[in-house]
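Subject: Structure handover

Hello,

Here is the structure I promised you. Please open it and keep it beside this message as you read.

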Amino acid sequence: MVNESIEYYMPVNVQFGTNKLKEAGAQVARLGKKALLVTGNRAMKKNGITDKLINSLQDSSVKVTVFDDIFPNPTDVLVDKGAGIARKYGCDVIVGLGGGSAMDAAKGIAVVAALGRSLWDYIGENRVTGDTIPMVAIPTTAGTGSETTPYAVFTNTEIHRKDAVVSQYVFPRISIVDPAVMKTMPPSVTADTGFDALGHAIEAFMSILANPFADACSYESVRLIGEALVKAVRDGNDIEARGKMAIASSLAGMAIAQVGVVAGHGFAMAIGGLMNTSHGRTVGILLPHVMTYNLNTIPDKIARLAPAFDLAVVEDLQKNAENVISHIKEMMRDIDFPTNLGALGIRRIDLKKILDDSMNQEDINFNPRMIDRSSAENSCASFTFIIIHNRCCVFRSRLMNRMKSHSFTWFTDPYLLTRLFIQRYTG
Ligand SMILES: [Fe+2]
């Protein structure tokens, strides 16, 4: 493979460091004098980060218009509205401050404000074919990697579908990656976004398009996440862990910018579009299942991640690969990360729609083990299983409580209850 033709393109100027936010104004001023600041109106505003950024911009003589309507899973309608505001105020630089939603919205606005038409006209690969308004990304979470990717993901409000703009023109010009702005991120967001980053790194590593350049980014990202994710969730003020996660996120972004992602993101995109779930949580829940699905196809590749997680390497390749998957599950347990789709409110009856939409997600095509509609239904039974398993647990614990209250202490066979549940819900 190393002798094949490979392109590595990463045109983003990444400015990393604690308190780099102070330099944002000077960096933005290199690109324009009228900025549209694209952000949310809650966390960043509340903890003073938005004001710090505005002060830094104004100190560098950059005029600021604030568009702070951003919400999770930004829509085509939201982006078109933001582009209208950018045009109205003659903005010549777009600044995205926030998680993936704010950065992706900023990318979309930069496209539509410069090239006209509507956001959904640019969905797909290489539909953006000219320069956009220059965009600066300032991530406040460590996960999406949008600060180093040519991707921006949106939800279509009419067809309830999540899809991406993919174009080298939507790389940010500059990304300011400051671990200090991530300190106030709540544990649940740290976990969700951290597992998104891990999903990027490992899915890129498993991709049929993987190459040594992307693998180097993925491997180091996995190593840093292995060291830091649990620490960052447990202690948000651990600035070293925050720094490692921030670098890991950008590195994973660099990997997916080259080789994309695989089935985990394919399913997660379908689920997110239909159910508006947390992207990182969905990706994290699916990650060990997708790795298990791919285990027999690429055991050597998955096994190569054992040292990244500081796991003892044994002679048996398969065992090393299994240990990697077990370790990821252990990390999930350590921070009470949900392990099943039922926790996202997904029901068995939702599966048909999810699977139908998944088959239209391009990421599925890059999975090392083929997935088609029937294999998704049959071989990906773990998909169904992880929903049913959760329902069993809920059902079992409710029934156990009821039994206890009636002193039926003899009725404690959990497998019997599971069997009863499956009969009840699956016929
Ligand atoms: Fe992702």
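This is a predicted model: local features need pLDDT of at least 70, side-chain atom pairs count only at pLDDT 80 or more; totals for chains, interfaces and linings use all residues.

Why is strand β4 (residues 93-98) largely enclosed by the rest of the structure? Count its buried residues: 6 of the 6 in β4 are buried, so the strand is largely enclosed. The two faces tell the story in detail. On one side sit Val93, Val95 and Leu97, and these are buried.

**The whole chain**

The chain has 16 helices and 9 strands. It holds 427 residues, and 50% of them count as buried.

β4 belongs to an open sheet of 6 strands. The order is β1-β9-β6-β4-β2-β3, and the pairing is parallel. The edge strands are β1 (13-16) and β3 (63-67), each of which pairs on one side only. Neighbouring strands in this sheet are turned by 20° against each other on average, direction ignored.

Which strands pair with β4? In the sheet order, β4 stands between β6 and β2.

- β2 (residues 34-38) pairs with β4 in the parallel sense, over 4 bridges. Leucine 36 stands opposite isoleucine 94 of β4.
- β6 (residues 135-139) runs parallel to β4 and is joined to it by 5 bridges. In β6, methionine 135 is the bridge partner of isoleucine 94. Isoleucine 138 in β6 is the partner of leucine 97.

Find isoleucine 94 in your viewer. It faces leucine 36 and also has methionine 135 in β6 as a bridge partner.

**A pair of helices**

Next, look at two helices. Two packed helices are described by the angle between their axes and the distance between the axes. Helix α9 (residues 263-275) packs against helix α13 (residues 351-358) at an angle of about 125°. Their axes are 8 Å apart. The two helices are therefore oblique to each other. The crossing of α9 past α13 is right-handed.

Which residues of α9 and α13 meet? From α9 come Gly266, Phe267, Ala270, Ile271, Gly273 and Leu274. From α13 come Lys353, Ile354, Asp357 and Ser358. The residues of this contact divide into 5 nonpolar, 3 polar and 2 charged.

Best wishes

Notes: Residues are numbered from 1 along each chain as its sequence is written. A residue is buried if 20 or more other C-beta atoms lie within 10 Å of its own, exposed if 12 or fewer, and partly exposed in between; C-beta atoms are placed from the backbone. Two strands pair if DSSP finds at least two bridges between them. Axes are lines fitted to C-alpha atoms, for helices over the stretch in contact, and angles run from 0 to 180 degrees between N-to-C directions. Angles under 35 degrees count as roughly parallel, over 145 as roughly antiparallel, 65 to 115 as roughly perpendicular and the rest as oblique. A crossing is left-handed if the near helix is turned anticlockwise from the far one by less than a right angle, and right-handed if clockwise. Two residues are in contact if their C-beta atoms, placed from the backbone, lie within 7 Å. Ala, Val, Leu, Ile, Met, Phe, Trp, Tyr, Cys and Pro count as nonpolar, Asp, Glu, Lys and Arg as charged, and the others, Gly among them, as polar.
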